[in-house]
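Here are a few notes to read alongside the model. Have a look at the structure first, and then we can go through the points together.

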Amino acid sequence: MTDSIAISSPEPRLNRRQAAKIRTRQKVLDAARSLFAERGYEPATIRDIAKGAGMSTGAVFANFQDKAELFEAVLTEDMTRLAEVVEAGAPVDQPVRNRLVGALGAGYQSSLDQLPLFQAIVARSWFQPLAAEMRARAATKNLLLVVGGLLQDAVAKGELRKDADIRLLVELIWDAYLSNYRRAAYDNWDAQALSDHLAKQIDVILAGALAE
């Protein structure tokens, strides 16, 4: 009897046109991210984004239907990166409170230089259509899964009660995290001040879920 060896087929190589399209799309995304981070959503125009990318407005519209779709694409990329930063920022062998503060504090450190972008995310969440809201929630899913994973690990270790409502705790922690960007915008708080305040918020949020 012979053992069969599974040979994975190589990924198809992109042709020159496909590779150029991907590069163009990424140049537009990078230019849009820079402009959204500098000005916020409303003041950033497609014309200025195209200029920042070194191409025509037609080239932008060839890749994105409108500014809203472009913003959503930037949001998806940035939330994916933020989830990676948050996951890597959680200290090991620490109580769940310290792990959450360390993880989300790393998020503040990595994103505070793009404050207008986060202001735009919060502002648009109140006025965008339902379909756009659902897509925005999907973009933050990985980040929320990281927070939920830290909480579930704490349940498994006996730090939190077995009947702790993980979904509700994730929602409260995320809402607190996101709302604190207002303090950076209007009160000039730096990342450390935001993290210190978030630690107090997490203490209150977790108080009712701690194992006795």
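1. Let me start with a pair of helices: α4 and α8 are roughly parallel to each other, because their axes cross at roughly 15 degrees and angles under 35 degrees count as roughly parallel. Please keep in mind throughout that this is a predicted model.

2. Helix α4 covers residues 67–89 and helix α8 covers residues 141–156. Their axes come within 8 Å, and the crossing of α4 and α8 is left-handed.

3. Next, the backbone at D93. This residue is not a glycine, yet its phi is positive, at about 55 degrees. You will find D93 in the loop between α4 and α5 (96–111). D93 counts as exposed because its relative accessibility is 73%, and the cut-off for exposed is over 50%.

4. N188 deserves a look for its backbone too. Its phi is positive at about 60 degrees, although N188 is not a glycine. The residue sits in the loop between α10 (181–187) and α11 (191–207). With a relative accessibility of 68%, N188 counts as exposed.

5. Finally, a point about the surface. Which residues make the nonpolar surface patch of about 430 Å²? They are V122, W126 and F127. Of these, V122 belongs to helix α6, which spans residues 115–125. V122 counts as partly exposed because its relative accessibility is 30%, and partly exposed lies between the limits of 20% for buried and 50% for exposed.

How values were computed. Residues numbered from 1 in each chain as written. Predicted model: local features only at pLDDT ≥ 70, side-chain atom pairs only at ≥ 80, totals over all residues. Heavy atoms only, no water. Patch = residues over 30% accessible without salt bridge, like charges linked within 9 Å, V, L, I, M, F, W, Y side chains within 5 Å. Areas by Shrake-Rupley, 256 points an atom, 1.4 Å probe, with all protein chains shown as cover. Salt bridge = Lys/Arg side-chain N within 4 Å of Asp/Glu carboxyl O. Helix = DSSP H or I, 4+ residues; strand = E, 2+ residues; numbered from the N terminus. Buried < 20%, exposed > 50% of the residue type's maximum accessible area, 1.4 Å probe, protein only. Axes fitted to C-alpha atoms, helices over the stretch in contact; angles between N-to-C directions. Parallel < 35°, antiparallel > 145°, perpendicular 65-115°, else oblique. Left-handed = near helix turned anticlockwise from the far one by under 90°.
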